[in-house]
Amino acid sequence: MILFYMMIFAFVGAFLIYFAGKSFPRIKEILAVVISFLLFLFVALLYGKDFQINYHNFLGFHLFLRINMFSWLFALTITFLGFLSIIFSLSYMKDKKNNAFYYMNMLFVNIAMLGIVLAGDLISFFIFWEIMSWSTFLLISYKKGSALPASMKYIIMSIIGSLSMLIGILYLYDLTDTTIISQLSHIIRFINKGDVIFVVILFSIAFGIKNAVIPFHNWLPPAHSEAPSPFSAILSGILIKMGVYGFLLLFYVIIGLDIIFHLTGLTIVLNVLAAITIIFPTFLAILQNDAKRLLAWSTVAQAGYIFMGITYGTELSVAGGIFHFLNHAIFKALMFLAVGAIEYRTKGIRDLNSLGGFIKKMPFTFAAMLIGAMGLIGLPLTNGFVSKWLIYKTLILNGSPFLAFAALIGTWGTILYSYKLIHNIFLGQLPAKFENIQKAPFSMKMPMMILSTIIIFFGILPGIPLQFINKIIVSFGYHPLNVSLFGIVSDSGNLNIINILAATFVIGVLIVLFFRSGRKSVRVDQYDNYAAGSFIPKEKYSYTNSFYAPLDRFLNSFLKDYIDIFYCKSAALIRHFCNGIRKIYTGYVGSYVMYILLFLAVLIFVQLNWSVF
Amino acid sequence: MNILLMILSAIISLVTGMFFLGLARKIMAMIHWRYGPPIYQPLIDVIRYFHQRAVSHGFIFDLGIIISLIGSLLVVFFLPLGNISSFSNSGGLLVILYILILSPLGLALSSGESANPNASIGISRKLILTLSYEFVLIIILLSLMSQYQTISLQEIVMLQARKVWSFASWKLILPGIAYLLILPAMLGFRPFEIAGASQEISAGPSVEFGGKYLALNTINHGLLHFITIALFVNLFLGGGDLFGIFDSISGTFWGSFVSLIIFLIKMILIFVISVFINAVFPRLRLEQATKYILYYPLSIAIVGLIIVVAIN
Amino acid sequence: MDRNQIGKWLRSPQKMSNKYSLHAVYFCTGCGIIEIPPSITTRWDAERFGIIPAPNPRQANLFLITGYVSLKTLKAIIRTYEQMLEPKYTVGFGSCPINGGMYWDSYNTIKKLDKYIPIDGWIAGCMPRPEAIFVAVTHLWTLIEKDMATGYIKYRKNYKQYRANQEKIYGSLDWPPLYK
Amino acid sequence: MKEITYINPVLLIAVPLALAFIIPILKFVWEKSIKWIPVAGFLFDLIVSITLIPIVLQKNIIVKIGGTTTPFSINLVVGPAGLLLSIMISLAGFLVAIYALKYIQEGDKTKYHILFMLLLTGAIGVVLTGDIFNLFVFFEVLCISSYALVGYLGNRAGIESSIKYLIQGSIGSSLLLVGIGLIYGQYGTLNMADLAAQIKTADSISLFVPMFFMITGLGIEAAIFPLNSWLPDAHSSAPSSISAVLSGIAIEVGLYAMMRILFTIFAAESFMGFLLFLGVITLLIGEMSAFSQNNIKRMLAYSSIGQIGLIVFAFSIATASGLSGGFFQMISHTLNKALLFLATGFMIYRTGSMEISSFRGLGKKMPLTALFFTIGTFSIIGLPPFVGFASKFLIFKAALAKQELLFIILIAVIILTTVIEGAYFFRIIQTLYFKESDDKSSKQESAITALIPMFIFALLILILGIYPNWIMKFIHSAASELLNKMSYLRSVLG
Amino acid sequence: MKKLKDKIEDLFDNVIINDFYQNRIFVKTNKESVVSLLNYLKELGYDHLALVSCVDHVEENEFELVYILSAYIHNEHENQEKTNIIIKTRISREKAKFTSIINLFENAEPYEREIFELFGVDFVGHPRLKPLFLEINYETPPFRKDFDTRKFVDDFFANIPIIEEIEDEK
């Protein structure tokens with residue numbers, strides 16, 4: 001029952017923050033930090049436990065909370081990133097008005113996600129899923145102004161998703177008359193394929209929306225760029241991954257390995273969707289001019305990688321998918337926090353065309369963003385590399401080169417837009433109006449420091465996280481990868497980071513010595529620059545706006561977001577139809593009375609002729 | 001033993017890289033019907049750059065160019081030269097593809113830090129050009145990998161040594177042609193010298209590179225030539241093997257020495273062809289270059305991939 | 001020539017490399033620039049001596065000031081000279097930079113260029129032919145050999161006087177002084 | 001089993017009726033106490049009906065009064081279903097009466113309180129009666145007092161909509177009377193139980209005509225699709241406390257009466273199929289027309305139509321779990337809609353206009369009322385920790401348990417309507433909390449006597465949402481009582 | 001050709017015209033009627049202002065402003081090839097002032113700025129009357145005949161000292 005008491009303690013804590021915040025403001029920050037840290041500590045202590053408790057009886061359904069290796073890993077990332085982003089938002093939210101509301105909702109989202117991951121049966125899974133959706137809605141629309149349409153789009157799509165999931169759960173309940181996940185996997189074998197496909201479609205609508213797979217992705221970019229930065233770090237770091245968790249749960253825990261991959265054509269459809277989800281948003285991200293919208297599109301693309309990993313079905317690809325989920329949560333949260341620090345210092349300006357040269361003023365944030373970008377691209381010695389390597393290896397060796405092509409092109413697209421992010425914010429000329437920008441405060445630096453060390457740490461020693469993932473794969477029914485501390489040993493080409501690390505270190509030392517042997521270079525400021533003999537003008541002398549103009553002209557015609565246009569058109573159609581329906585109530589009593597008598601007449605007429613009733 | 005191989009392949013690549021630069025200038029001079037500088041002129045230039053007091057724009061300005069050189073040197077260790085190969089069994093082509101990213105990224109970081117619009121324009125052109133030819137390169141590598149069913153370059157070279165060169169085997173002729181078509185773009189030679197255009201954007205990314213930075217940049221430039229052509233020779237021309245003539249002495253020291261010589265000869269041959277192309281063509285605009293690359297080589301490569309996938 | 005004497009190379013690689021790789025700043029100041037293209041192309045091939053036009057001052061160490069220097073171009077010349085890296089040599093090309101040449105009485109041209117930036121070598125003649133350039137280059141080699149091509153050290157030492165002269169002409173310059 | 005003494009259920013009707021007629025006398029003696037009479041009356045009703053629960057769960061209570069010959073003897077049959085609804089009515093009446101203490105300021109207050117008492121006694125009467133003529137009598141009391149109360153405000157809109165309501169209501173009750181007359185003419189008895197005993201097979205045409213008349217009559221009050229045109233005008237122009245009672249209780253009672261007739265007297269299974277479609281159409285029409293509203297009370301009225309459609313759909317599934325879903329949805333709708341109307345009552349009182357756009361930034365000025373409004377909205381949409389989710393969940397479970405393709409399609413339509421419902425309710429929440437309002441007036445919270453009922457409603461919504469099992473047993477017995485006719489007959493006829 | 005000459009003559013009184021060259025008409029007028037003449041010719045189709053220049057007559061203490069007009073498209077006044085109309089006027093040298101014709105011909109701006117910088121003629125109504133070429137400003141504008149360049153060179157360039165080598169004492 002400890003699990004249940006933990007959840008209750010967290011919910012009560014969240015309410016306490018809101019009401020305590022009203023009376024004496026200082027308490028709420030401390031309370032938020034303490035609660036999130038306790039949650040993290042508590043989940044960390046639960047390592048290796050595997051039990052299930054029934055905490056509530058709801059309308060005849062027994063609700064369970066369970067913990068096993070699979071949910072432990074997700075729970076750990078959720079609580080860890082939640083703790084870090086709350087610390088980040090201490091200074092980010094200091095001057096804003098009603099931040100008690102913000103902290104309460106922040107904790108609500110964290111606890112709801114924790115609940116989803118710990119849910120033992122589908123009903124409690126659904127309940128926590130709903131609580132997560134509406135608390136996210138409140139948080140996205142926190143910044144008023146243009147955030148409202150974005151949050152409206154989010155909440156409508158997530159309601160559609162969760163209701164289709166509810167139908168799926170109940171339909172499954174009728175087939176197997178149990179909702180407990182552990183029992184489901186045994187009984188599902190006896191159900192005919194048609195029903196299983198129907199249930200899979202319903203569930204994948206809900207998880208697809210949350211995971212922003214292509215046809216359901218258009219709520220994500222507006223929602224991310226409007227949400228406050230610490231929350232969008234969580235939003236893109238973990239909240240997207242609830243879709244991932246759902247898919248894993250559905251494919252490998254509930255339905256089980258052998259059935260899911262014999263359903264005709266399902267994996268092909270999902271793989272093609274994943275490939276499109278990688279390419280299309282990556283090239284859209286290249287053309288964005290707002291930092292957070294760029295990162296949002298990149299989240300959609302990276303979610304495509306994870307989705308590809310999961311649905312491809314070999315143990316390497318599933319391990320790659322889960323590991324990429326872990327990595328993406330870390331470096332995407334890091335990049336959002338870095339952009340948040342910039343936004344905090346420039347009082348809300350994050351348009352890529354008007355920033356530049358911040359490396360001189362905020363070097364630490366630059367280092368954090370650089371490491372995050374390296375992880376995002378997947379350079380060797382960062383954690384992104386290992387997980388992408390796993391996914392590519394299976395794609396190539398299991399004979400699907402076109403999917404591998406989509407994934408590899410995604411990497412190069414990532415390089416372009418992550419360099420654009422770094423160049424337009426940090427490199428180039430520092431505009432005059434940002435002369436007196438100070439460094440990011442310590443409470444912002446600490447989370448960034450931790451996250452960047454983890455990226456490098458997991459990059460060099462991928463064995464540590466891979467052991468946990470091995471346990472998860474075994475629980476799914478695959479046979480484990482033989483993982484050494486530094487990489488993966490397998491017959492068809494193995495990967496060990498140790499000699500990459502050794503080689504880079506040796507060469508690095510040699511080249512630095514070679515570089516140091518030259519004469520000492522003169523440090524010079526940004527105005528002593530080659531400009532064909534003339535002096536450098538003070539105001540705007542940097543080429544940052546529309547950084548990839550030729551690519552923009554080349555790709556622009558292909559990249560209109562048709563899906564978004566389709567959604568908006570259908571919404572307008574429904575609204576028009578509703579207006580039409582309201583016209584029935586004309587307002588004249590005569591027509592009302594005519595309705596009544598008509599109803600009576602029709603009833604009797606039908607009964608007389610066909611005696612239906 | 002591995003360390004020895006590492007040092008050896010590093011020396012080979014540096015020397016041949018500088019030799020390639022000198023050779024290119026010499027051949028260009030010959031074509032212009034003039035004497036041209038001695039072959040070791042790039043070496044003199046590098047020594048002179050080294051003794052100049054450079055100008056630096058910040059920490060990342062130095063770090064970027066170092067990362068770029070590390071990236072290029074690192075790739076050399078993963079490339080089998082003849083049958084000298086130090087690391088080619090740890091990670092194979094995927095690792096090479098990823099480490100190839102390191103060098104342009106490092107250059108981009110340092111030139112971005114130099115806060116000069118010419119550099120930024122140069123870098124954005126370079127990245128767009130690289131993106132366009134990466135489309136083709138990835139398809140070529142995929143067709144090779146799925147043809148030989150392995151991701152390690154070492155095995156591909158061994159298979160080619162035993163069987164026929166992949167440039168000769170009818171299934172892989174199309175990827176070979178596609179690779180040759182994008183070779184000038186990868187080397188940064190004339191038709192696609194868009195990033196480093198010296199007149200338009202005054203040497204593009206390296207506008208602020210002075211003394212030792214320019215030295216590192218030239219060495220890096222030479223290394224990139226070496227890597228690109230070594231990759232081509234390994235993938236398509238069977239590495240250090242000449243139709244199995246020298247199989248008898250393949251195991252011994254002399255065997256690997258001869259295979260190295262053959263490997264270098266093949267590389268020089270390819271390099272000379274691309275220098276000829278460089279001497280003759282005008283510089284394309286970026287849109288023209290991307291349109292060209294994404295129409296002709298890409299379609300050839302895709303057809304090649306389809307053939308390979310269809311066969312097995 | 002002593003280009004391929006290994007002993008010399010090993011003793012003083014800096015001097016040798018400065019001699020045999022002179023990258024000229026491709027910056028046409030006056031009427032003399034018409035002499036540069038023929039000198040670097042087929043007929044007179046300056047590349048034999050290791051001289052190639054460098055796209056920007058950072059990569060160059062030879063500054064050919066070709067032809068008369070008007071007041072407007074002097075600003076650009078000073079700026080480019082200051083942007084070149086340390087062991088740098090300048091060659092005055094033609095008679096106009098020496099003493100104003102035929103524009104000796106013009107209100108708009110600089111008479112003695114030496115007052116504003118240090119000049120290591122002069123080539124007389126009202127647009128000397130490309131062969132004269134190579135003669136000048138060989139002289140420059142000997143100067144470098146004998147450590148007499150010390151224009152840049154002179155500039156650094158009495159930078160105050162140079163700066164004073166420059167400000168005397170323009171009143172105030174747009175960029176901060178190079179050396180404190 | 002020993003004879004357990006219980007308070008005679010007749011008091012449930014008699015006491016409020018008596019109190020209603022004491023009010024005019026009290027007007028001269030002690031003016032200010034009139035407000036407290038309805039509160040006392042319904043508190044008494046609430047306590048009595050709660051004490052009756054354990055007894056009713058074993059056996060229906062039959063009460064014969066008047067002793068005269070068959071047609072005019074008022075006999076009550078208090079089964080679990082009837083008692084459940086009467087508890088609901090008395091609870092809502094008690095809380096709205098407290099709300100009305102401070103809310104009803106202008107107009108002739110004594111008339112308001114008398115009519116209010118009459119309306120609710122009529123409702124309780126309809127629910128508890130076992131005799132169709134009694135049903136008609138109490139139904140009339142209910143309708144007439146609601147006509148008067150709709151027009152209570154005396155403004156133009158109020159009077160116009162009450163007249164419209166009057167016309168349609170009177171047509172309805174006259175149709176009901178004709179139906180009852182035909183039945184009485186054929187079978188000579190008015191008591192539901194022996195009527196049901198005599199009507200063995202419901203096929204002959206002579207039986208259907210009275211059934212259709214009665215269903216249309218009751219349908220008007222129960223606001224089914226073609227018959228509910230009066231509801232939007234009536235509920236939007238009535239004072240908020242009255243529209244809370246109207247849409248919280250009056251519609252449910254009408255629906256209950258219709259179901260009582262259909263299930264016990266006629267037991268027409270095939271009619272259920274038609275009712276199924278009618279429910280879904282009502283739901284669709286209600287939600288869609290609510291979507292394009294910007295007057296808050298009209299929007300809530302249309303959403304009541306929608307909810308009624310959902311309850312009709314639940315009942316017409318005609319299985320035990322379907323009926324219990326329907327009852328549970330009735331309870332949750334009463335709680336939610338009453339809370340929403342009470343909250344909007346004071347919001348309109350504060351901002352002066354019913355337009356949603358005028359509610360900008362109320363979240364800061366009236367934090368508690370806005371919080372209760374949000375709880376009401378979340379619960380009516382069906383988000384988990386609230387009672388709305390439990391009732392919708394039950395209905396979905398019941399529908400899907402039928403395993404037929406038709407039900408899956410209908411459920412899909414219900415999902416679309418829930419999405420539309422979510423859309424317009426979330427839009428209101430956004431205007432409340434996330435839109436800036438220009439006037440910087442200070443915090444004026446609504447009156448304390450209004451906050452208490454809202455708080456109790458919100459508390460009930462939350463508690464029933466988290467622990468619905470407490471009342472499930474009671475609901476299941478109500479559903480089974482309504483469903484199997486034989487047990488009802490045996491208990492009444494003995 | 002004839003018609004144009006007569007038209008100008010009967011419209012403007014103190015106008016001296018001679019057209020002894022094949023396709024060139026010289027018109028001398030006083031400074032008041034220059035602007036109206038230019039306007040009139042513009043309507044006739046001579047809408048291309050080729051040049052504005054200034055001649056320094058030191059002895060008569062006057063500047064002579066020369067405006068050259070030609071027609072882009074061949075119109076009825078020109079029977080064979082293009083004809084240039086050259087308008088000359090005299091203004092006094094001290095405090096030389098003249099009305100700017102920018103609102104008539106946009107492209108007159110650089111010419112007027114050049115004349116202002118090199119001759120010191122102040123064009124009234126010119127939006128951006130700033131120096132065009134010269135880096136330093138001279139008391140007497142350099143193109144005036146009374147500007148002695150040799151004296152200027154002596155006293156300006158001479159007093160810039162030669163760089164003496166400071167013996168490196170440190």
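How many residues of chain B are in contact with chain A? In this predicted model, where local features need pLDDT of at least 70, side-chain atom pairs count only at pLDDT 80 or more, and totals for chains, interfaces and linings use all residues, 60 residues of chain B are in contact with 58 residues of chain A. Residues are numbered from 1 along each chain as its sequence is written, while chains are lettered from A and ligands numbered from 1 in the order in which they are written. The model scores are ipTM 0.84 and pTM 0.88.

Contact here requires that C-beta atoms, placed from the backbone, lie within 7 Å. On the side of chain B that touches chain A, at least two residues each come from β1 (55–56), α3 (59–78), α4 (92–113), α5 (117–148), α8 (211–236) and α10 (286–311) of chain B; helices (H or I, at least four residues) and strands (E, at least two) are DSSP runs, numbered from the N terminus. The largest share, 14 residues, belongs to α5(B). By composition, this side of chain B holds 36 nonpolar, 18 polar and six charged residues, with Ala, Val, Leu, Ile, Met, Phe, Trp, Tyr, Cys and Pro counted as nonpolar, Asp, Glu, Lys and Arg as charged, and the others, Gly among them, as polar. A pairing of strands also links the two chains: β6 (residues 522–523) of chain A runs parallel to β1(B), joined by two bridges, and A:Val522 stands opposite B:Val55. Strands count as paired if DSSP finds at least two bridges between them.

Chain A meets chain D as well, with 41 residues of chain A in contact with 47 residues of chain D. The elements of chain A that each supply at least two residues to this side are β1 (51–58), α5 (122–140), α6 (147–176), α22 (562–582) and α23 (589–610). Of these, α6(A) gives the most, 13 residues. The residues on the side of chain A that touches chain D are 31 nonpolar, five polar and five charged.

What lies inside? The largest nonpolar core has 567 residues, and those touching the most other members are A:Leu107, A:Met113, A:Ile116, A:Ala407, D:Ala123 and D:Leu339. Such a core is a set of buried Ala, Val, Leu, Ile, Met, Phe, Trp, Tyr and Cys residues joined through C-beta atoms within 7 Å. Helix α14 (residues 315–345) of chain A gives the most to this core, 20 residues. Because domain 1 (2–482) and domain 2 (563–610) of chain A both give residues to this core, it lies between them; the domain bounds come from an automatic or database domain assignment. Another core, of 25 residues, lies apart from it and includes E:Val34, E:Leu41, E:Leu65 and E:Leu118.

Chain E averages a pLDDT of 83, and 92% of its residues score at least 70; pLDDT is the predictor's confidence in each residue, from 0 to 100. Its strand β5 (residues 84–92) pairs in the parallel sense with β2 (residues 24–28) over five bridges, E:Lys28 having E:Lys88 as bridge partner. Strand β4 (residues 62–70) of chain E pairs with β5(E) in the antiparallel sense over eight bridges, and there E:Ile68 stands opposite E:Ile86.

A:Ala212, between α8 (193–211) and α9 (220–226) of chain A, has a positive phi of about 55 degrees although it is not a glycine. A:Ala212 counts as buried because it has 30 C-beta neighbours inside 10 Å. D:Gln403, in the loop between α16 (387–401) and α17 (405–434) of chain D, also has a positive phi, near 55 degrees, but counts as exposed, with 10 C-beta neighbours inside 10 Å. The cut-offs are 20 or more other C-beta atoms within 10 Å for buried, 12 or fewer for exposed, and partly exposed in between, with C-beta atoms placed from the backbone.

Methods. Contact = placed C-beta atoms within 7 Å.
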